[in-house]
Amino acid sequence: MKYRFKLYKGDEIKFIGHLDLLVAFQRVLKRAGMPIAYSQGFNPHQLVAFASPLSLGLTSTAEYGDFTLKEDLDAEFVMEKMNEHMPDGLKITSLVKLADGVKNTMSSLERAEYELYFDNTVTPEDIKANLENFMERKEILTMKKTKKGINETDIRPDIFWAKDISTEDAAAVEIQVSSGSIRNLKGETFAEAFCNHMGKEYNKYAIKCVRTEMLMKKGEDEFVPLNYGVER
Amino acid sequence: MYNALPDEILLQVEKPARYVGREVNMVKKNPSDVDIRFAFCFPDVYEVGMSHLGLQILYFFLNRREDTYCERVFAPWVDMEAKMREANIPLFALESQQPIKNFDFMGFTLQYEMSYTNVLNMLDLAGIPMFRKDRTEEDPLIICGGSCAYNGEPLADFVDIFYLGEGEVLYDDMLELYKQFKKEGKTKQEYLEALLKFDGLYMPQFYDVEYNEDGTIKSFEPNHPDAKRLIKKVVVTDMDSVFFPEKQLVPLIEVVHDRVTLELFRGCIRGCRFCQAGFIYRPVREKKACTVLENARKLMETSGHEEISLTSLSTSDFTEFEELACGLLDEFKDQQVSLSLPSLRIDNFSLDLMKKVQEVRKSSLTFAAEAGTQRLRNVINKNISEDDILNGCKLAFDGGWEKVKLYFMLGLPTETEEDLKGIAHLSEKIVEKYFEIPKDQRPRPVTVNASASCFVPKPFTPFQWDAQDTYEDFGRKALIVKDEIKRRQVRFTYHNTMMSSMEGVLARGDRRQSALLYRVWELGCRFDGWSDLFDFKKWQQAFEDTGLSIEFYANRERSYDEILPWDHISVGVNKSFLINEREKALAAETTPNCRQKCSGCGAASFGGGVCHEVQI
Ligand code: SF4
């Protein structure tokens, strides 16, 4: 049976990278005593896959992925068991049995949403004054790391919307951007470009970035969370 | 909110997860609910320390006490050290993320000499005066255990207590007494004096040393009426009832060994004469196979690991080895568990076993040949013959293996050029063995990796009196081996010669070396066991600055009647036995192992283990 999970990754565990997260998750399945399904071949491994890597240091309220069990167990039960064995800071917030023929999370993923919390060198007024005209730009050139090296890329087509979610004393924006194997924009890259636009220093280690949603396409131009309408 | 260090710092260092704790099975206690706070300090980087079985055992052993909170501290890597010093953040414990400056104990495990500067550095980072004489009632007591604690004299000026033996034996009594003294408002000094009644604890401050003109020890005398003249190590006698954790800390980042580690026995029956572990952990005390299986079951369940490692000194010597191996295979056969089997004797059974549990393609066979000729192997009492090795290789090649690893040592006592060339010859014979297989049955090219370490004479071994080669000697000898190797299938590597020389100095050092260590630390040495950070020039300078000599400690042969810096400590093996063993070594005579015939080394006095097994 295939399951799709939605996972919360909090501050407690944000300093582990993507591969370590995968291993930690696999150990949870083992400790929870789940009938884990393995791949065939020379070096069998647990059938667990995440939608998209999350950079070290980021937290998330919506990491998605799929795993396979050898038996058909109640999703509610599996989720409860797994959560009993999660390391601090990890929690499955939703688990569904996957309907046949659903594409895996990695290839379904098209967009992601992030919340960016700036350090105190950026004020709520800065956001108010700049976000709109930033979004009005036709082109936003940034240096982006790709497989081929560091390139200058226009990231404007990858930004679908940006909202000012600042509170009285903290500057913050929420964004929806491309995510996945075809086009991808990291929340941090947006933050850097926006800081440049505002004429502020991009304080890489002080800006807090939270991934809040991962979306796939439904029909012509609707985007829904990765666990929407996939249940068996 | 969770961490001693701000995110901004954590994000700028390599592997920040080293510093935040919260691993699976980490013990959580409210620090204000306990009487005793114990910092278990491992003087190396997180990934190394977390792979150490002793840490896992002692951590859960101490934390099973409600009145004690044992927390872990590792040496911050150099990038983090710089950040901590810059931001003035003191060394903290992973569990509570609180500074350790006011803990009750700081317990270091000393596994290798080259970690000593990290001990000093950790004290300094914690804001605790390094020298014992400068510490006050507010500072923790510094206690050191592990194999190097048996001769911890180089650290004598820094350490309060050296713990000689196995942690399960004394810690309960020590902590009870500590709690009582603390409640009664007594001083730490009073506590230390009260500890003098115990075996297994050596406290340097209660002994005075005088030296002869030539630098050797003239006298080593207790200066307190309760201080023992001979301090005997303490050992567990019943391995089946001794505490073993049901859980293991499971790191959230990759460490050196990500696996469940099972202990089969302590000690080793073999008595290889160069091997300190073979003497200081005597006698052999085994667990029953069913106990080990029970340990395995629990640990696998609570860790989620996919690998089990059987760690003991010579795994094949475990009496119930077949039973255990089959039991493990049976238990975990459907769970994709791999079994790692270090130090196995190669025979049909073990090869079958390895085929079942490991991927033949990737794994290589390991032989600790230690020396290149039979004569020299007899000298060191290494009970493996060339035929054993060649036959083992033949079996393995037939079974599909084609990678062989060989371990040797350079600079063993009585070594000649022939012995050195023997390293090359033996390696080549293995290659030739491979070519005896018909060509069409040799799918892949054979490789023989011969690696040599440099011999370091260690206390409590028959070679404790011997001169170590200089690092120049080691280098020259390595070249002799290298030049003798003609076949390209043989790869030869050898250990850092200068580092081995420093190990040699510290291994048999005396308390005058405290000054040397301090100076070396002052010059900036840390992580000296890491070849890329080891800086021999600084060590040389420290020798110069402190007036000590490498030659005196490392390259000098001692006479049997010289007072050695560790003579006041007994590992249960008599000195007369060691002398006898050394004489036999020089005559290239071997000694049977403990199961073939007891040689009366003295360790029977502990009242347990192989010495008291019924001979069948
Ligand atoms: S007393 Fe005999 S059996 Fe016991 S450790 Fe010594 S040599 Fe081995």
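# A guided tour, starting at a proline

Start by selecting B:P283, which sits in the loop between α8 (277-280) and β12 (285-286) of chain B. What you have open is a predicted model, in which local features need pLDDT of at least 70 and side-chain atom pairs count only at pLDDT 80 or more, while totals for chains, interfaces and linings use all residues; side-chain values use heavy atoms, without hydrogens and water. Residues are numbered from 1 along each chain as its sequence is written, and chains are lettered from A and ligands numbered from 1 in the order in which they are written.

**Stop 1**

B:R282 and B:P283 are joined by a cis peptide bond, with omega about -10°. For comparison, most peptide bonds are trans.

**Stop 2: a four-stranded sheet in chain B**

Select strands β15 to β18 of chain B. They make an open sheet in the order β15-β16-β17-β18, with parallel pairing (strands pair if DSSP finds at least two bridges between them). At the edges are β15 (365-370) and β18 (490-494), each pairing on one side only. Neighbouring strands of this sheet are turned by 20° against each other on average, ignoring direction.

Next, bring in helix α14 (residues 417-435) of chain B. This helix packs on the sheet and touches β15, β16 (403-410), β17 and β18 of chain B (contact means heavy atoms within 4.5 Å). The direction of α14 makes about 170° with that of β16(B); axes are lines fitted to C-alpha atoms, for helices over the stretch in contact, and angles between N-to-C directions run from 0 to 180 degrees.

One pair to highlight is B:V448 and its bridge partner B:V490.

**Stop 3: an enclosed strand in chain A**

Move to chain A and select β10 (residues 208-218). Is this strand enclosed or open? Eight of its 11 residues are buried, so β10(A) is largely enclosed by the rest of the structure (buried is under 20% relative accessible area, exposed over 50%, partly exposed in between, using a 1.4 Å probe and protein chains only).

Show its partners one by one:

- β3(A) runs parallel to β10(A), joined by two bridges; A:T59 stands opposite A:V210.
- β5(A) (residues 109-117) pairs with β10(A) in the antiparallel sense over eight bridges, and A:E113 stands opposite A:E213.
- β11(A) (residues 222-225) pairs antiparallel with β10(A) over four bridges. These two strands form a hairpin with three residues between them, and A:G219 in the turn has a positive phi of about 65°.

β5(A) is itself mostly covered, with seven of its nine residues buried. Seven bridges also join β5(A) to the antiparallel β9 (residues 172-178) of chain A.

**Stop 4: a buried serine**

Select A:S52, in the loop between β2 (48-50) and β3 (59-68) of chain A. A:S52 is buried, with a relative accessible area of 10%. Leaving out residues up to four places away in sequence, A:S52 touches A:H18, A:E63, A:L109, A:S179, A:R211 and A:M214.

**Stop 5: the nonpolar cores**

Finish with A:F25, A:F67 and B:W539, the residues with the most contacts inside the largest nonpolar core, which has 164 residues. Such a core is a set of buried Ala, Val, Leu, Ile, Met, Phe, Trp, Tyr and Cys residues joined through side-chain atoms within 4.5 Å. A second, separate core of 68 residues includes B:V284, B:V292, B:L324 and B:F492.
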